[in-house]
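Please read the numbered points alongside the sequence and the structure.

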Amino acid sequence: MSAKLRLLARVAWLFLGLTGFGVSIALLVRARLGLDPWDVLHQGIARHLGVPIGWVVIGVSGIVLLAWIPLRQRPGFGTVSNAIVVGLVADQTLTVIPPLRAIAVRLATLAGAIAVNAVSTACYIGAGLGPGPRDGLMTGLARRGYSIRVVRTAIEVTVLVTGALLGGSVGIGTVAYALSIGPLVHLLLPRLRLTTTTTHDTERP
């Protein structure tokens, strides 16, 4: 395969992952059983501002990218695409999927959301076209000498608590996501990676 075709394949893989990630956010919202930490924050802000959650996803991505400047992080094509596409897809998906009532359906939706999220994350990272805004914040801080685990934990606990205080949804889904997404991405990433370029493997783009 030529270099041009390889690049086109990676771009397609990137957008497949970003689209799936946006869909997974919408599914988590519709399940109403708890969101992942960052989306707890996004939902809490959205409820206070009275705007769609996707707008908040995009806005927070932009704010996080500003924090890259003192960390001397450079965004890639995938970074900018992430900041825009995920939020737009999440909002569009929410207009298609109606509110769910039956608990069995909501549990199935939660399981599907986590599975879609894991596959999408592996596709997005596997494209190797730049880290997501939140991922870059973590790796940028880690390059300052902090443990990536400490940085990741501190950031996610902070956004989770802040989001919960703002009214974001925390529940069994939050716990299920936290426990399952890492192992799932670890399993899927080697199978879905399109490039040998080293990237930081994370469950949140």
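1. Terms for exposure. A residue is called buried when its relative accessible area is under 20%, exposed when the area is over 50%, and partly exposed in between (1.4 Å probe, protein chains only). Arg32 is partly exposed, because its relative accessible area is 43%.

2. Basis of the note. The model is predicted, so local features need pLDDT of at least 70 and side-chain atom pairs count only at pLDDT 80 or more, whereas totals for chains, interfaces and linings use all residues. Residues are numbered from 1 along each chain as its sequence is written, and side-chain values use heavy atoms, with hydrogens and water left out.

3. Helices (H or I, at least four residues) and strands (E, at least two) are DSSP runs, numbered from the N terminus. Met1 is located in the segment before helix 1 (3-31), and Met1 counts as exposed because its relative accessibility is 68%. The expected span of a helix is 1.5 Å times one less than its number of residues. For the 29 residues of helix 1 this gives 42 Å, and the end C-alpha atoms are 42 Å apart, which agrees.

4. A nonpolar surface patch. Met1, Leu5 and Leu8 make a nonpolar surface patch of about 350 Å². Patches are made of residues with over 30% relative accessible area and no salt bridge; like charges are joined within 9 Å and nonpolar side chains (Val, Leu, Ile, Met, Phe, Trp, Tyr) within 5 Å. The accessible areas come from the Shrake-Rupley method with a 1.4 Å probe, and for residues only the protein chains shown count as cover.

5. Positive phi values. Most residues other than glycine have a negative phi. Arg32 follows helix 1 and lies in the loop between helix 1 and helix 2; its phi is positive, near 55°. Arg72 has a positive phi near 60°, and is placed in the loop between helix 4 (68-71) and helix 5 (77-96). Arg72 counts as exposed because its relative accessibility is 75%.

6. Helix 2 and its cover. The 13 residues of helix 2 should span 18 Å at 1.5 Å a residue, and the end C-alpha atoms are 19 Å apart, which agrees. The buried residues of helix 2 include Pro37, Trp38, Asp39, Val40, Leu41, His42, Gln43, Gly44 and Ala46. Among the elements that cover these buried residues are helix 1, helix 3 (53-66), helix 7 (133-142) and helix 8.

7. His42 and its partner. His42 belongs to helix 2 (residues 37-49), and His42 is buried because its relative accessible area is 0%. Which side chain makes a polar contact with the side chain of His42? The partner is Arg134, at 3.2 Å. A polar contact is a pair of N or O atoms within 3.5 Å; within protein, one must be able to donate a hydrogen and the other to accept it, and residues adjacent in sequence count only if both atoms are side-chain atoms.

8. Ser61. Ser61 lies in helix 3 and counts as buried because its relative accessibility is 0%. Leaving out residues up to four places away in sequence, Ser61 touches Ala83, Pro133 and Arg134; contact means heavy atoms within 4.5 Å. Arg134 is also the residue whose side chain meets that of His42 in a polar contact.

9. The salt bridge. A search of the whole structure finds 1 salt bridge, defined as a side-chain nitrogen of Lys or Arg within 4 Å of a carboxyl oxygen of Asp or Glu. The side chains of Arg152 and Glu156 form a salt bridge (3.5 Å, N to O), and both residues are buried. Because they are 4 residues apart in helix 8 (residues 148-165), Arg152 and Glu156 are separated by about one helical turn. An α-helix has 3.6 residues a turn, so residues three or four places apart point the same way.

10. Ala122 is in helix 6 (residues 103-127), and counts as buried because its relative accessibility is 0%. Leaving aside neighbours within four places in sequence, Ala122 is in contact with Leu188, Leu189 and Leu192. Ile181 lies in helix 9 (residues 172-192) and counts as buried, since its relative accessibility is 1%.
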